[in-house]
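Good morning, and thank you for making time for this. I would like to take you through selected features of one structure, beginning with a term that we shall need throughout.

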Amino acid sequence: MTNHWVDIKNADVILVMGGNAAEAHPCGFKWVTEAKAHNKAKLVVVDPRFTRTASVADYYVATRTGTDIVFLGAIANYLITNDKIQHEYVRNYTDMSFIVREDFAFEDGIYSGYDATAGKYTDKASWNYEIGEDGYAKVDPTMQHPRCVYQLMKKHYARYTPEMVQKVCGVSPEQFHKVAETLASTAVPGRAGTILYALGWTHHSTGAQTIRMGAMVQLLLGNIGIAGGGMNALRGHSNIQGLTDLGLMSNLLPGYMTLPFDKEQDFDAYIDARAPKPLRPNQLSYWSNYKKFHVSFMKTWWGDAATEENNWAFDYLPKLDKPYDLLQTIELMHQGKMTGYFCQGFNVLASAPNKQKVTEALAKLKYLVIMDPLAIETGEFWKSHGEFHDVDPTKIQTEVFRLPTAIFAEERGSLVSSSRVLQWHWQGAEPPGQAKGDIEIMSGLFLRLRKMYQTEGGKFPDPILNLTWPYAQPAHPTPEELAMEFNGKALKEITDPKDPTKVLLKKGEQLASFSQLKDDGSTASGCWIFAGSWTAAGNQMGRRDNSDPTGIGNTLGWAWAWPANRRVLYNRASCDTQGKPFDPTRKLVGWNGTTWSGADVPDFKLDEDPANGMNPFIMNAEGVARFFARGQMNEGPFPEHYEPFENPLGYNPMHPKNPKATSNPGARVFPGDRAQMGTHKEFPHVATTYRLTEHFHFWTKHARLNAIAQPEQFVEIGEALAKEIGVVAGQKVKVSSKRGVIVAKAVVTKRIKALTIDGKLTHTVGIPLHFGFKGLTKPGYLTNTLTPVVGDGNSQTPEFKSFLVKVEKA
Ligand SMILES: Nc1nc2c(c(=O)[nH]1)N[C@H]1C(S)=C(S)[C@@H](COP(=O)(O)OP(=O)(O)OC[C@H]3O[C@@H](n4cnc5c(=O)[nH]c(N)nc54)[C@H](O)[C@@H]3O)O[C@H]1N2
Ligand SMILES: Nc1nc2c(c(=O)[nH]1)N[C@H]1C(S)=C(S)[C@@H](COP(=O)(O)OP(=O)(O)OC[C@H]3O[C@@H](n4cnc5c(=O)[nH]c(N)nc54)[C@H](O)[C@@H]3O)O[C@H]1N2
Ligand SMILES: [Mo]
């Protein structure tokens, strides 16, 4: 979240689109209720299903899955053509005035740099600003230049009309206008609007661009960086925010640093590529400090073995030939290229797309290790529960090891919430039986591996042998020791550069903030954005002071938020160029003539005089927010609508004559998976998968009360479809896709309506994801028996929310 849960109460308009907060985030949703009760906020919900969130909305619109870029693109068009934009904000704080290169082009769904034979983008150089000889991007403050971002964007979204929304999404122009007008009411400085989203936006082959499109709408309205505004991703597992913060993705290092690619063998070039110089005069470009974050991280992992002479052990880092995301991993496993697989807190058989492929892949492993408190489906994948497919268990050689682990309530430590708040929690119970904590298991593995390298050698033992392991009991590192290591400390005495007699940090002292990090090896920090969470004053995550002097809800004494305990990112943008809050009644920060201060930690240098012209988006080299993604996105600088890989029409209604632009040209599909895509002729119904409040994924079916509340798999179908296939509520239906078949009870509902898409009546089918063959619910099929394997163009998140099936009476 750019903002945080409590801040939702400050909104005048709340758009929930691409998520179902009332059911998947029921506790956080109370802040929507607060905004409605105390602020007369309007709640707008856009979802293919009438959910419990929709049931309390002021306005609900049913739409087709996978088409939100059309809806939001049309909102952008509406705001621009009806002049409903926050002018001062857009002019000063975005790239609207930046001039784009002459060779940039867009035609019939495809951008410049596309290789038609290869079917992909091979040259993204034209997706950039025009850079002058001084190294700065060229701008036209009048925004009249035909190639400035404003003019290009206006032209790009002119095609996104209410009529197009009707054709593609199945939403009438009246419904569209009602949503557009409600959102547009927040374009004035005195009104705030927020967007809450989750998987209905991410689980698509165009997920990342859908989120960008939402952010673009928020920028036009001046809703980023203000109280009651923002782009708010409602995250999933309780600590999934912490997972990405700590870099537990195959291409990341902690604090959103990135691993080098294999063509990046040179350390200085690796750093330079990630530490951009400012693209406009007087801008900060905060990532230019990358080397400080990186060297401090390397000192944490490799201590004295990371020296200036060996480029801080740069050679120890793996260099990526390609991303090793989930879909890639399963593909390699399926090709028989993997020996072993660790499933730690992950039920891959249930949660990854195309269960048949996952089963075949796991069957090719030599060993599979499950670290989980429960006996999960993945550990018994060989039992072949499918009635329609699966593998022959007598031919499987995979050895499965089960290591029973503790669960979070049986451990102490910190969890990072969607609000970026690191909150310390205490142990509630002892783990049962032989269960051990994850830290203990991983430490045991590491110590044994290190011993093997010590005694037997190995190809490249240095990274293992030199890894720091500074814990009092090596087999039992404590959560406190790890938390202090993530925060970081001074490795030498650090003095004030302006006054060397002044000692800022003693040797060994915990860092107070990431502004103290150095690139000369004198500081260590395991995760630079966490610096400040455990300082010399102790554990900041354990703080429980909920005082809120201004009433705006920031509670700066409650736990600790990254970065720097800031609760609203980009909060400098809540003020005009002179540093005066746009809305004094919702003041976050302001300039008082000598310093920035307010109800939040300013997202700015505290003594930065606004007269110097530094802009609020300090993480971007241009200092402003981007409508035009330069090289950053894989399918082009402006979000464009592409159909889901399985779609009910067989063409893209925005580019009906260009098959290359039917689905996202930037998405990745492996050849074997492409052959497993179905067409609307065989599979005429659109399917989407989702959560129920009564279950948490695949675990709570092991708990009796939850199993009683929702005892067995069902499929939701609309009344029109039920009539068409001759099914009444409670009867069984067979749902097939190109990948497999499930059988479940039909719930016939008014909550899902058939939509008319480009003249064609289209039915949507809703399938909850929680059921399987382990636990106390009625044994049944895994929902992911049906889903296709295709990753979003940037994140490689699977397209779980839009694919094709055929529903029949069983
Ligand atoms: N009770 C419960 N709560 C949970 C979880 C759980 O298992 N159970 N899981 C947690 C996790 S890990 C996560 S990631 C979050 C997920 O939180 P959500 O994303 O809110 O959960 P889903 O139920 O998958 O809801 C997605 C919603 O998006 C809608 N949708 C599908 N496609 C589209 C589309 O193209 N456009 C729009 N506008 N809407 C679409 C669906 O109809 C559905 O209502 O929930 C978390 N909270
Ligand atoms: N079709 C479809 N598929 C989906 C989705 C969808 O919407 N539709 N949603 C996707 C999303 S957003 C998510 S997040 C995934 C969820 O997929 P998974 O993460 O695979 O599902 P969970 O059941 O949450 O698995 C987590 C496991 O961690 C175990 N666990 C709990 N605490 C601990 C602990 O302290 N240590 C260890 N080692 N284990 C622990 C639990 O018992 C559980 O088995 O599913 C994805 N798959
Ligand atoms: Mo999730």
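By buried I mean a residue with under 20% relative accessible area; exposed means over 50%, and partly exposed lies in between. Please keep in mind that what you see is a predicted model.

Let me apply that definition at once. Glu 608 has a relative accessibility of 8%, so this residue counts as buried. Its salt-bridge partner is Lys 605, with the closest N and O atoms 3.6 Å apart. Lys 605 itself, at 40% relative accessibility, is partly exposed.

I turn now to the other salt bridges. Side chains of opposite charge can pair when their charged atoms come close. In this model, a search of the whole structure finds 34 salt bridges. I shall discuss a few of them.

The side chains of Glu 716 and Arg 751 form a salt bridge, at 2.5 Å from N to O. Glu 716 belongs to strand S27, residues 714–718, while Arg 751 sits in the loop between strand S29 (741–749) and strand S30 (755–757), so the pair ties together parts that are 35 residues apart in sequence. As for accessibility, Glu 716 is buried, with a relative accessible area of 4%, whereas Arg 751 is partly exposed at 38%.

How far apart in sequence are the parts that Glu 694 and Arg 52 tie together? Their salt bridge has its closest N and O atoms 3.4 Å apart. Glu 694 lies in the loop between strand S26 (685–690) and helix H21 (704–709), and Arg 52 in helix H3, residues 52–55; the pair therefore ties together parts that are 642 residues apart in sequence. Here Glu 694 is partly exposed, at 22% relative accessibility, and Arg 52 is also partly exposed, with a relative accessible area of 43%.

Salt bridges also link residues into a network, made up of Glu 380, Lys 383, Arg 402 and Lys 774.

Next, strand S26. Is this strand mostly covered or mostly open to the surface? S26 is mostly covered, since six of its six residues are buried, that is, under 20% relative accessible area. In a regular strand the side chains alternate between the two faces of the sheet. In S26, His 685, Ala 687 and Thr 689 point one way, and Val 686, Thr 688 and Tyr 690 point the other way; all of them are buried.

Which strands pair with S26? One is S33, residues 803–809, which pairs with S26 in the antiparallel sense over three bridges. Within that pairing, His 685 has Val 805 as its bridge partner. Another is S32, residues 764–768, which pairs with S26 in the parallel sense over five bridges. There, Tyr 690 stands opposite Pro 768.

Finally, I come to the surface. A nonpolar patch is formed by Phe 342, Tyr 367, Phe 401, Met 442 and Leu 445, with about 400 Å² of accessible area together. One of these, Phe 342, is in strand S12, residues 340–344, and is partly exposed at 36% relative accessibility.

There is also a negative surface patch, consisting of Glu 308, Glu 309, Asp 519 and Asp 520. Asp 519 is located in the loop between strand S19 (499–505) and strand S20 (523–524). With a relative accessible area of 32%, Asp 519 is partly exposed.

Key. Residues are numbered from 1 along each chain as its sequence is written. Chains are lettered from A and ligands numbered from 1 in the order in which they are written. This is a predicted model: local features need pLDDT of at least 70, side-chain atom pairs count only at pLDDT 80 or more; totals for chains, interfaces and linings use all residues. Side-chain values use heavy atoms; hydrogens and water are left out. Patches are made of residues with over 30% relative accessible area and no salt bridge: like charges are joined within 9 Å, nonpolar side chains (Val, Leu, Ile, Met, Phe, Trp, Tyr) within 5 Å. Accessible areas come from the Shrake-Rupley method with a 1.4 Å probe; for residues, only the protein chains shown count as cover. A salt bridge is a side-chain nitrogen of Lys or Arg within 4 Å of a carboxyl oxygen of Asp or Glu. Lys and Arg count as positive and Asp and Glu as negative; His and the chain ends are not counted. The place of a charge is taken as NZ of Lys, CZ of Arg, CG of Asp or CD of Glu. Helices (H or I, at least four residues) and strands (E, at least two) are DSSP runs, numbered from the N terminus. Buried means under 20% relative accessible area, exposed over 50%, partly exposed in between (1.4 Å probe, protein chains only). Two strands pair if DSSP finds at least two bridges between them.
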